Amino acid sequence: MSAIDPDCGVNAMVNYTLGDGLARPQFSVKPDSGELCVSAPLDHETTSDFEFPVIATDRGGLSTTAMVKIQLLDINDNVPVFTVRDYNVSLKEGRISSNEPIVAVSATDADSGRFGTVTYRIVNGNDNDVFRIDRSTGEIFVTKPSLIQANGRFDLEVSATDGGGLAAPQGAMVHVNVIPAGVGSALFDKPRYNFRVREDVRSGTIVGSLKATAGGEFLFI
Ligand SMILES: [Ca+2]
Ligand SMILES: [Ca+2]
Ligand SMILES: [Ca+2]
């Protein structure tokens, strides 16, 4: 940055200072050259844009102000992390659909764009391809209901990888138990419920209801 002073001699010496507007001192300006420098660690995930004035003052006390805007470019410095690492699923023999997901795993990644986009894979425990996972939603489906036996148990390990190739250091485990038909055990009618609620509702407002069945009876929770 350079403020051109048409005067010659001592009055032409210019001094640069930062104006107000920078909440934290991540940047500094060299008083004599006007070079802007990084003076503290930057983090796109905390603040991605900075805007602040720089003031150039000459020896005669005259000053001008320029606004500086700095945009931080995102790099892939966060790995995906599973919000829950262990999932327990009960399947009832004879009531397994291949269209409805039995569970949805979820990992988050603080980066933006493809660096924060998570892809899921079953990396262990899926012998005979009994299950499949939706790579982008994390929903797990039974592809071969006929291969699910009563009293069976499956332990699936799921990995999460972002669009830059960074993997979650620890995968998620999905424990699937198969219950014989006729044995009572509470089963939710959906693996995931999505509700929307206005931020200004009063406490006590019903957001939605969940439903689980046990031995043919309906339980409302
Ligand atoms: Ca960061
Ligand atoms: Ca980042
Ligand atoms: Ca990432």
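**Strands, pairs and cores**

Visitor: What makes E7 and E14 a pair?

Guide: There are 7 bridges between E7 and E14, and the two run parallel. Strands pair if DSSP finds at least two bridges between them, so with 7 bridges E7 and E14 qualify. One of the contributing positions is lysine 92, whose bridge partner in E14 is isoleucine 179. Keep in mind that this is a predicted model, where local features need pLDDT of at least 70 and side-chain atom pairs count only at pLDDT 80 or more, while totals for chains, interfaces and linings use all residues. Residues are numbered from 1 along each chain as its sequence is written, and chains are lettered from A and ligands numbered from 1 in the order in which they are written.

Visitor: What makes E13 and E14 a pair?

Guide: Strand E13 (residues 153-162) and strand E14 (residues 172-179) are joined by 6 bridges and run antiparallel. That meets the requirement of at least two, so they pair. Glutamate 157 has methionine 173 in E14 as its bridge partner, and valine 158 stands opposite alanine 172 in E14.

Visitor: Why are E7 and E10 called edge strands?

Guide: The open sheet has 4 strands in the order E7-E14-E13-E10, with mixed pairing. Strand E7 (86-92) and strand E10 (118-124) each have a single partner strand, so one side of each has no neighbour in the sheet. The strands themselves are DSSP runs of E, at least two residues long, numbered from the N terminus.

Visitor: What makes a set of residues a nonpolar core?

Guide: Its members are buried Ala, Val, Leu, Ile, Met, Phe, Trp, Tyr and Cys residues joined through C-beta atoms within 7 Å; buried requires 20 or more other C-beta atoms within 10 Å of a residue's own, placed from the backbone. The largest core here has 19 residues, and those with the most contacts inside it include Val158, Ala172 and Val174. E7, E10, E11, E12, E13 and E14 each give two or more residues to this core. Apart from it lies another core of 5 residues, among them Val14 and Tyr16.

Visitor: Which residues are in contact with valine 158?

Guide: Contact means C-beta atoms, placed from the backbone, within 7 Å. Leaving aside neighbours within four places in sequence, the contacts of valine 158 include Val105, Tyr120, Ile133 and Ala172.

Technical notes
Buried ≥ 20, exposed ≤ 12 C-beta atoms within 10 Å, placed from the backbone. Contact = placed C-beta atoms within 7 Å.
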